[in-house]
Amino acid sequence: AFVLMGVCVGACQARYFQGGGLKMLLALFTFAVMLFIYGLGTRPFYGISKILATPAWIGISGGISLVCYAFFHWLVDIKGKSDWADFIAPAGNSTLACYLLPYVFYAFWGYMAFLLPELLLFGVFGLLKALCFSLFIVWTAGVLRGYGISLKI
């Protein structure tokens with residue numbers, strides 16, 4: 001379903017991006033609203049579950065994704081503001097390293113018997129910890145790339 005959404009967005013972008021992209025934004029927001037309505041309409045029948053890939057979850061998360069995509073399309077492609085994302089550039093340049101580095105750190109922490117307090121594992125603090133860890137992994141991949149260390153398939 002998400003791949004098909006990407007194909008639809010790509011078709012919209014190919015068709016409506018000319019002329020400043022306002023038609024593209026309108027098409028994206030229309031599609032997002034349709035997905036939200038679909039997701040909320042099917043929620044009473046199937047519930048919302050990522051694990052079960054329910055139609056409600058697909059519609060709601062697809063709508064959220066399209067709103068985010070429309071925002072970043074406006075910010076980067078229409079307004080030309082992309083410098084703000086330089087700090088996460090290694091995530092795109094060293095994707096394989098960013099994928100594999102957490103396993104290295106998890107193994108190291110497991111070997112050292114390093115345990116975080118339970119407060120940092122759940123809720124808002126857990127989300128903040130995950131964000132900090134993700135940024136640390138991206139930074140580490142950037143440092144490794146700066147030293148000429150990169151992973152290739």
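The following is a conversation about a predicted model of one protein chain.

Colleague: What kind of model is this, and how are residues numbered?

Modeller: It is a predicted model, in which local features need pLDDT of at least 70 and side-chain atom pairs count only at pLDDT 80 or more, while totals for chains, interfaces and linings use all residues. Residues are numbered from 1 along each chain as its sequence is written, and side-chain values use heavy atoms, with hydrogens and water left out.

Colleague: How many helices and strands does the chain have?

Modeller: The chain has six helices and zero strands. Helices (H or I, at least four residues) and strands (E, at least two) are DSSP runs, numbered from the N terminus. In order from the N terminus, the elements run α-α-α-α-α-α.

Colleague: Is the chain spread out or compact?

Modeller: The chain is more spread out than a compact globule, because its radius of gyration is 20 Å, well over the 15 Å that the globule rule gives for 153 residues. The radius of gyration is taken over C-alpha atoms, and the globule rule is 2.2 Å times the number of residues to the power 0.38. Along the principal axes, the C-alpha trace spans about 50 × 40 × 30 Å.

Colleague: What percentage of the residues is buried?

Modeller: Buried residues make up 25% of the 153 residues. Buried means under 20% relative accessible area, exposed over 50%, and partly exposed in between (1.4 Å probe, protein chains only).

Colleague: And what share of the contacts comes from residues 24 or more positions apart?

Modeller: Such residues account for 63% of the contacts with a separation of 6 or more. Contact means heavy atoms within 4.5 Å.

Colleague: Let us turn to helix 3. What span should it have?

Modeller: Helix 3 (residues 55-78) has 24 residues and should span 34 Å at 1.5 Å a residue; its end C-alpha atoms are 32 Å apart, which agrees. The expected span of a helix is 1.5 Å times one less than its number of residues.

Colleague: Which of its residues are buried, and what covers them?

Modeller: The buried residues of helix 3 include Ala56, Ile58, Gly62, Leu66 and His73. Their cover includes helix 1 (2-16) and helix 2 (22-46).

Colleague: What is found on either side of helix 3?

Modeller: Gly80 follows helix 3 and has a positive phi, near 75°. Ala53 is in the loop between helix 2 and helix 3. The phi of Ala53 is near 50°, a positive value in a residue other than glycine. Ala53 is partly exposed, with a relative accessible area of 40%.

Colleague: Where is Met5, and what does it contact?

Modeller: Met5 is in helix 1 and is buried, with a relative accessible area of 11%. Leaving aside neighbours within four places in sequence, Met5 is in contact with Phe31, Leu35, Ile58 and Gly62. Ile58 and Gly62 are among the buried residues of helix 3.

Colleague: Is Asn93 buried, exposed or partly exposed?

Modeller: Asn93, in helix 4 (residues 89-93), is partly exposed, with a relative accessible area of 46%. Asn93 and Tyr147 are 54 residues apart in sequence and 14 Å apart in space, C-alpha to C-alpha.

Colleague: What about helix 5: which residues are buried there?

Modeller: In helix 5, Ala97, Cys98, Leu101, Pro102 and Phe105 are buried, and what covers them includes helix 4 and helix 6. Helix 5 is followed by Ala113, whose phi is positive, near 55°.

Colleague: How much space lies in the largest pocket, and which elements line it?

Modeller: About 310 Å³ of space lies in the largest pocket. Helix 5 (95-111) and helix 6 (123-146) each give two or more residues to its lining, and helix 6 gives the most, with five. A pocket is an open set of points on a 1 Å grid over the protein atoms alone, where a 1.4 Å probe fits, with protein on both sides within 12 Å along at least five of seven lines; lining residues have an atom within 4 Å of a point.

Colleague: Which residues form the lining?

Modeller: Among them are Tyr106, Trp109, Phe114, Lys129 and Ser134.

Note on methods. Grid points are joined across faces, edges and corners, and a volume is the space filled by probe spheres set on the points.
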